[in-house]
Amino acid sequence: MSDTTTNPDTVVAAGIARAKQVNKRLNVRIPVRISTIDPETDPRTGKLFFFTFDEFSANISRGGAFITTPAPIHPARRVLVAIDIPTGSRIPSIGRVVWKRIAKPGADSSVPQRPGIGIQFTSGRPDLLNELDRYINLAVRRRKSAKAIDPSRQVAT
C-alpha cells in the first residue's frame, strides 16, 4: 500500500485551475484595496503590523484576481479585498493569496511580467459577487461585440 500525502499548494493550484475554467476572466485595470487579516511580524522589532494598500487589478474573475503590486504579500495569507467596479459598486470579499510574482532585476525584457499577487476569493456576499459576475460578463460581451463589428480593432480580453 502506498502512502500518499496531499500537498496543500497542489490543492490550491488545482482549485485555481478549476476556477479559471469556470469563471470568465477579464483583463481590466480597476482599483482594489487589499488589507491583511492576519498580522505580519516585523523582522527587526518583532512587532505585529497589518498591511493595507491600494493597487489595481490586471485581471479579475468571480473566483479571484491578479493584483499588480511592487510589494507582494506571501502566499497563504488571508486578505480583505474591496474591488471598485466601474458601475460604482464596491465589492468586498475575503480571499487568500495563492501565489506571488516578484520583479526580477535583469530578467528577459521580451516578456514583461508585472510583479503582483494572485488572490482566490474564498467568501463574500453572494449578491455582490453576482454583481461582479454580471459586470465581467457584460464587459466580455461588449469586447467580443466590438471585435465582431471592427475586426481590425485589437481589444484585449
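**Aromatic pairs**

I was working on a predicted model.

I took Phe49 and Phe51 to start. Their ring centres lie 5.3 Å apart and their planes stand at 85°, so I logged the pair as edge-to-face.

Next I followed Phe51 to Phe53. These two also form an edge-to-face aromatic pair. I noted 6.5 Å centre to centre and 80° between the planes.

Ring pairs join Phe49, Phe51 and Phe53 into a cluster.

How buried or exposed are these rings' residues? I checked each in turn. Phe49 is partly exposed, at a relative accessible area of 30%. Phe51 is partly exposed too, at 34%. The cut-off for buried is under 20%.

**A charge over a ring**

I looked up Phe56 as well. Which charged end sits over the ring of Phe56? I found that of Arg29, at 3.8 Å from the ring centre.

**Salt bridges**

I searched the whole structure for salt bridges and got 6.

The side chains of Glu40 and Arg77 meet in a salt bridge, at 3.0 Å from N to O. Why does this pair tie together parts that are 37 residues apart in sequence? I traced both ends. Glu40 belongs to strand S3, residues 40-41. Arg77 belongs to the loop between strand S6 (64-68) and strand S7 (78-84), so the bridge ties these parts together. I also checked burial: Glu40 is buried, and Arg77 is buried as well.

My next entry is Arg44 with Asp42. They form a salt bridge, and their closest N and O atoms are 3.9 Å apart. The cut-off is within 4 Å, so the pair counts. I looked up accessibility for both residues. Arg44 is exposed, at 75% relative accessibility. Asp42 is buried, at 17%.

My last entry is Arg125 with Asp127. Their salt bridge has its closest N and O atoms 2.6 Å apart. Asp127 came out as partly exposed, with a relative accessible area of 39%.

How values were computed
Residues numbered from 1 in each chain as written. Predicted model: local features only at pLDDT ≥ 70, side-chain atom pairs only at ≥ 80, totals over all residues. Heavy atoms only, no water. Helix = DSSP H or I, 4+ residues; strand = E, 2+ residues; numbered from the N terminus. Buried < 20%, exposed > 50% of the residue type's maximum accessible area, 1.4 Å probe, protein only. Phe/Tyr/Trp six-rings, centres within 6.5 Å; stacked < 30°, edge-to-face > 60°. Lys NZ or Arg CZ within 6 Å of the ring centre and 35° of its normal.
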